[in-house]
Each structure stands twice: as C-alpha cells, then as structure tokens.
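This report covers helix geometry and aromatic contacts in one protein model. Please read it alongside the sequence and coordinates.

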Amino acid sequence: MILSIIIFLPLILGLLVVFFTTEKTVRPVAFVLALLQFAFSLCLLQQFDPSSASLQLVERYSWIEPFGITYFVGIDGISLWLVLLTTFLTPIIFLGSFTSIAKNFKSFSVHMFILETALVGSFLSMDAILFYIFFEASLIPMYFIVGIWGGPRRIYATIKFFIYTMLGSLLMLLAIIGMMIMAGEQLGQVSASLLDFYKLQIPFVEGTLWSPQAMMFLAFALAFAIKVPLFPVHTWLPDAHVEAPTPGSVILAGVMLKLGTYGFLRFVLPLFPEAVESWGCWISILGLIGIIYGAWVAMVQPDIKKLVAYSSVSHMGYVILGLFALNIYGVTGAYYQMLNHGISTGALFLLVGMIYERTHSREIKEYGGLASVMPLFTIAFFIITLSSIAVPGTNGFIGEFLILMGTFIHSPWMGVVAATGVVFGAVYMLWMFKRVFFGEAGNIVRHHKEVLTDLSLREKVVLAPMILFAIWMGVFPQHFLKWSKPSLDHFIANKGQYHLQIKGETE
C-alpha cells in the first residue's frame with residue numbers, strides 16, 4: 001500500500017489545508033505537511049531492492065474489468081528518483097512561495113498538492129489508461145497556478161500550454177486504445193497493462209509512416225515531445241515560464257518536463273523498437289537542434305527568466321539525445337540529467353524569483369554590480385550557474401559527460417555538434433552572470449539599493465538543499481545511480497524492449 005499512500009496522501013493533505021487552516025496559518029502548515037510527505041516517501045529507499053531490475057512494491061486491482069483497465073502501480077529504478085525529486089521539490093516550493101504568492105495561498109496550496117498527486121501517479125502507473133489519467137490531470141492544477149497567480153499575459157500562456165499538451169495527449173490516447181485492441185487479438189484479452197503492451201508484436205513496414213507501429217510511435221512521440229518540450233513544439237514553454245509565478249516555474253521545469261522524457265523511456269523506446277530504429281535518428285536531430293537553438297536564443301534574451309526558460313529547451317535536448325543513443329552511457333546520462341535539470345534549473349528559477357520580489361524587474365540591463373550589495377545571493381547564484389553549465393564537481397557535468405560519450409559512440413558527428421552546445425551554454429550563462437552581478441552598477445543598484453537586502457534565513461533554508469544536491473550529485477553520482485543501474489542495464493541489454501517482471505514472480 002505504500003505506493004498508493006505516496007500517490008494520494010497529498011490529496012488528503014490538501015483537504016487538511018482547506019478545512020483546518022486560515023490564510024494566516026496556511027503557509028507554515030502547508031510547508032510542514034509537504035515536508036512530512038517527503039519524509040514518508042523516503043521509506044521507498046528502505047523497501048526498494050537496488051539490486052533488482054524487477055517491478056517492486058506492486059499494487060494491482062481490477063478497475064474497469066470489461067476493458068482490461070486496472071489500478072496497477074509499481075516502482076523500479078527508473079521511476080524511483082523521479083518520485084523522490086517530486087516530493088523533495090514540493091516543500092521547497094512551498095517555503096519559497098511564502099512571499100511570492102501574496103493572495104489566496106490556501107487555494108494555491110490545494111492546487112500544488114493535487115499537482116503532486118498527478119505527477120507521482122504518472123511516474124508510478126503501470127497501466128496505460130491510469131498513466132493517461134494522471135498525465136492529463138497534471139494539466140488542470142498547472143493551468144490554474146499559472147492562470148490565477150501568473151503575470152499580465154497569463155491567460156494567453158495558459159491557453160497555449162493547455163492546447164499544445166491536450167492535442168498531443170489525445171493522439172496518444174487513440175494509440176493506447178489501438179494497443180488495447182491489439183492486446184485482445186494477440187494475447188486473448190483486452191488489456192491496458194504496460195507489461196502486456198511490452199509483449200505485443202506491432203506490425204511495422206520499413207520506409208513508411210502508415211504501418212501501425214509507425215503511426216503509434218508518432219502519436220506517443222508527439223505527446224511526449226510537446227511535454228519535454230522538443231523543438232519545434234517548444235514555443236509554449238517560454239511563455240508559460242515567463243508568466244508563471246516562481247513556484248509554478250520551479251515545478252514546471254523541475255518535474256513536469258520530465259513527464260515527457262520519462263514517457264520516451266517508459267513507452268516510446270520499448271514499445272516501438274523497429275520504428276525507433278528507423279525514425280529515431282530524426283528525433284535525435286530535433287534534440288540536437290533544440291540544444292543549439294535553445295542556447296542561441298538564450299544568448300539574446302533581455303529577460304533573465306526567459307533566458308533560463310530557453311536554457312531548459314537546450315538542456316532537455318541533451319536528454320533526448322542521450323535516450324536515443326540507446327547505449328548504457330547515453331541512457332544513464334539522460335536519466336541522471338533529468339534529475340540534474342530538476343535541481344539546477346529549479347534553483348535558478350527560485351533565485352530569479354527572489355531578486356524579482358525585491359526589484360520587480362527581470363531586465364538584465366537594469367542590473368549590474370549586484371555582487372557588491374548581495375554577496376551571499378551572488379555566491380548561491382554562481383554555484384547554481386556552475387551546475388547549469390556542467391562544470392566538473394557539479395551534478396550537470398556527470399549527466400552531460402555521459403550523454404556526450406554515448407552520443408559519440410552512437411554518432412560521432414552528433415557528438416561533435418552537441419559538444420558545441422556545452423560551450424554555448426557556458427557563454428550565455430556566464431555572460432548573464434557577469435552583466436547582472438559585476439561591472440558598472442545599473443539603475444537598480446544605483447537608485448534602489450535599499451530594497452537589495454541579502455538572503456533572509458528562509459531563503460537560505462530554501463537554497464541550501466538545492467546547492468547541497470548540486471554538489472553531492474556531482475561528487476558522488478554513484479550514491480544515486482546505483483539504485484537505477486539494474487533497471488537501466490536491463491533496458492539496454494534488451495535493446496529497449498522490456499521484459500519487465502514483477503518482483504517475486506520471476507527473478
């Protein structure tokens with residue numbers, strides 16, 4: 001029952017917030033409740049067997065029996081750290097939003113807890129329809145978080161975000177229904193179980209997009225590419241980030257984008273092996289374009305938050321490149337980079353939010369000389385910047401190094417092009433850092449120095465765990481990767497075609 005508790009406990013916590021708090025008490029209560037959820041989720045590390053590639057802690061109950069739809073949840077090394085990343089970031093987001101969410105914090109808390117349930121449920125679902133329900137459910141609270149607490153163009157950003165993601169998801173639903181029917185024909189019973197989907201022989205004709213496997217591959221790939229987001233369906237992301245409140249940007253970059261890359265790893269690569277072999281190179285090329293394009297556009301951004309948003313397009317391109325290398329280095333690096341991006345980019349959005357609360361400006365040209373008045377803030381920003389540009393000793397280096405190694409093995413020319421993205425990433429991040437924190441004092445430092453107070457105790461508590469993990473994951477990656485290695489090794493050994501078993505049934 002531990003997985004169901006981890007999934008649905010946030011809903012219960014949301015109800016507690018509604019009925020037992022006031023607007024004065026809701027902030028500390030919501031933070032403490034989210035912290036308790038994170039503490040409880042750490043029990044997974046006690047009950048999880050890191051030496052097994054099997055599906056563990058499984059719960060499976062009949063749900064919509066005539067259509068083979070079950071409540072089927074389980075965890076393996078691939079989903080483990082993504083669940084813990086979600087529960088780890090949630091209390092940090094609550095603590096970081098004490099001042100940025102000035103009104104209706106109770107309503108905001110409820111939406112955040114609902115979103116946490118949807119995200120955790122997505123990572124743990126082993127039934128395709130159940131996954132689809134959680135996957136789509138995450139849109140609703142995110143829509144309201146941006147639409148209610150966002151910036152001046154929040155309605156435009158939320159509608160664009162909703163339309164993009166809904167369109168892709170509907171195509172995925174059609175593909176899921178097709179696979180359920182195919183399961184009935186090949187396995188003798190209609191089923192939405194992923195374990196049954198992995199057994200299907202989906203017809204594929206080389207060189208055509210009209211075979212069943214190619215069309216299903218495109219349907220799933222489009223749904224997850226939009227969520228990543230992958231070039232050229234990325235345009236909703238900068239608008240959503242710029243208009244979202246700080247906590248909305250953190251959860252969007254930290255976890256929601258990982259639904260896309262997780263979907264590629266859990267669904268696309270294992271379910272459609274022939275289509276991946278035939279058409280996967282084009283997905284890799286789109287990831288490569290995203291790396292370079294995201295970096296180039298980030299260079300010319302006048303808005304710090306928009307710069308960080310485009311950096312996400314570039315960083316997530318590396319994840320796609322690593323996944324479609326289909327070797328142990330690329331896939332391991334891609335998985336680790338999902339976690340790294342959640343830490344480093346989440347922390348960048350927190351830092352940008354902190355300075356915006358003081359100055360109400362994100363224009364780079366308005367800053368300059370900030371280091372002289374906010375030394376602790378400058379140090380924190382510099383450490384996270386090093387993490388973002390993958391300096392050795394930080395978490396970003398491990399992920400990008402493994403991805404580049406895997407890409408060089410898979411396609412040397414792609415590896416060379418991807419390596420230039422590392423240089424461009426350093427250029428736009430360090431150039432932005434120099435203009436904001438050093439050089440001649442800008443308008444804000446000259447005329448509004450009184451608002452530029454250094455980090456408060458609350459802000460130090462918010463940033464400390466992010467900085468700790470950025471360094472810990474860079475110096476001791478094996479502390480994290482050992483839990484996922486059997487699952488990733490199993491994935492590569494079967495060339496992406498899972499033969500995933502439930503622990504205890506067959507080992």
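## Model and helix α13

The structure is a predicted model. Helix α13 takes in residues 273–299, and at 1.5 Å a residue its 27 residues should span 39 Å. The C-alpha atoms at its ends lie 37 Å apart, which agrees with that expectation. At W279, α13 bends by about 60°.

## Aromatic pairs

Searching the whole structure gives 41 aromatic pairs. One of them joins F135 and F224: the ring centres are 5.8 Å apart and the planes stand at 90°, over the 60 degrees required, so the pair counts as edge-to-face. F135 belongs to helix α6 (residues 128–137) and F224 to helix α10 (residues 212–227), so the contact ties together parts 89 residues apart in sequence. F135 and F224 are both buried.

A further pair is formed by F264 and F324, with ring centres 5.6 Å apart and planes at 75°, so this pair is also edge-to-face. Here helix α12 (residues 246–271) supplies F264 and helix α14 (residues 304–325) supplies F324; the pair therefore ties together parts 60 residues apart in sequence. Both of these residues, F264 and F324, are buried.

## Ring cluster

Ring pairs also link residues into a cluster. Its members are F38, F48, W81, F88, F469, W472, F480 and W483.

## Charges over rings

Two arginines are described here. R60 lies over the face of F72, 4.2 Å from the ring centre. R435 is placed over the face of W431, at 3.9 Å from the ring centre.

Notes
Residues numbered from 1 in each chain as written. Predicted model: local features only at pLDDT ≥ 70, side-chain atom pairs only at ≥ 80, totals over all residues. Heavy atoms only, no water. Helix = DSSP H or I, 4+ residues; strand = E, 2+ residues; numbered from the N terminus. Expected span 1.5 Å × (residues − 1). Bend = angle between axes of the 7 residues up to and from the residue. Phe/Tyr/Trp six-rings, centres within 6.5 Å; stacked < 30°, edge-to-face > 60°. Buried < 20%, exposed > 50% of the residue type's maximum accessible area, 1.4 Å probe, protein only. Lys NZ or Arg CZ within 6 Å of the ring centre and 35° of its normal.
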